[in-house]
Amino acid sequence: MHEKSFSIVGNRKNKSMVEKGAEVIFTACACLAVLAVFSITVYMIISGTPALFKVGILDILFGPIWKPTGNPPMFGILYVILTSIVGTFLAILIGVPIGVFTAIFLAEVAPAKLASIVRPAVELLAGIPSVIYGLLGILILNPLMYKLELKIFAGSTTHQFTGGANLISAVLVLALMILPTVINISESALRAVPKHYKSSSLALGATHIQTIFKVILPAAKSGIVTAIVLGCGRAIGEAMAISLVSGSSVNIPLPFNSVRFLTTAIVAEMSYSQGLHREVLFTIGLVLFAFIMFINVVLTRIFQRGGEGDE
């Protein structure tokens, strides 16, 4: 029998080819991701800017009246923008603390058996279609909000009753929908913290709670910020669920007002819009896109400054 020859030179050549091939593939994937973002940005600018010049930037962005079929038509989206800002902020304010504390519970506190029950439930929340959240909001949340509305505004002659489809309902649904994203990513970040951080803190005399909030959470800050950014994106970009529970009317974003978000403004009217009306809806999409990019940049800057301060 002939022994199989082994060549170091040939093996190096094969390794070099594999490495070059992998480098080409990885570079192509990275360029594809950049190209996708660039293409979306260019498309949104091309589609969304014409209406700004035809109607006027100030009339669209700061106009309070939305009557696209009126005579003359009016395309003010100020209240829509404010609703998205207020609704997203409140949803993050409610959802992020609950999500982060749940992640801490799963990663550091919960017994293994209990965690094995809670974790699949959280993953199941992530897999539920958004329309289901909207239907549950209509069946459960809106009636409760309507009862509360009747008690608060009993005898009022000026309040326009919404049947429970209002800003509060939309905020609560959004807060529930961002929980799986915040919990899963935050838990992964907490588990990625090196174990010796915890053991060193405990060895120095810190309690478990002190270790969690003074050592583990700061070490996992990068992942938690990512979870907040992605949760923010989920809240801003959601349309179907909040269109069912918010009432979809253009009003000032007060708690018991029927409201319309940027996403629901597009979904509600794109099917029958035409001409200038359709162009303005693309402008709303451009505003939404810019809003998301702005939030991502701001949160990233805040995180970077926080990291420099810690150093």
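## Terms and basis

Helices (H or I, at least four residues) and strands (E, at least two) are DSSP runs that are numbered from the N terminus. The model is predicted, with local features needing pLDDT of at least 70 and side-chain atom pairs counting only at pLDDT 80 or more, while totals for chains, interfaces and linings use all residues. Residues are numbered from 1 along each chain as its sequence is written, and side-chain values use heavy atoms, with hydrogens and water left out.

## Second largest pocket

A pocket is an open set of points on a 1 Å grid over the protein atoms alone, where a 1.4 Å probe fits, with protein on both sides within 12 Å along at least five of seven lines; lining residues have an atom within 4 Å of a point. The second largest pocket is lined by Ile85, Thr88, Phe89, Ile92, Leu93, Cys232, Phe291 and Ile295. Helix 3 (78-109) and helix 12 (276-310) are the elements that each give two or more residues to this lining, and helix 3 supplies the largest share, five residues.

By class, seven lining residues of the second largest pocket are nonpolar, one is polar and none is charged, where Ala, Val, Leu, Ile, Met, Phe, Trp, Tyr, Cys and Pro count as nonpolar, Asp, Glu, Lys and Arg as charged, and the others, Gly among them, as polar.

## Largest pocket

Thirteen residues line the largest pocket, and Gln160, Thr162, Phe256, Asn257 and Ser258 lie nearest its centre. The lining of the largest pocket has five nonpolar, eight polar and no charged residues.
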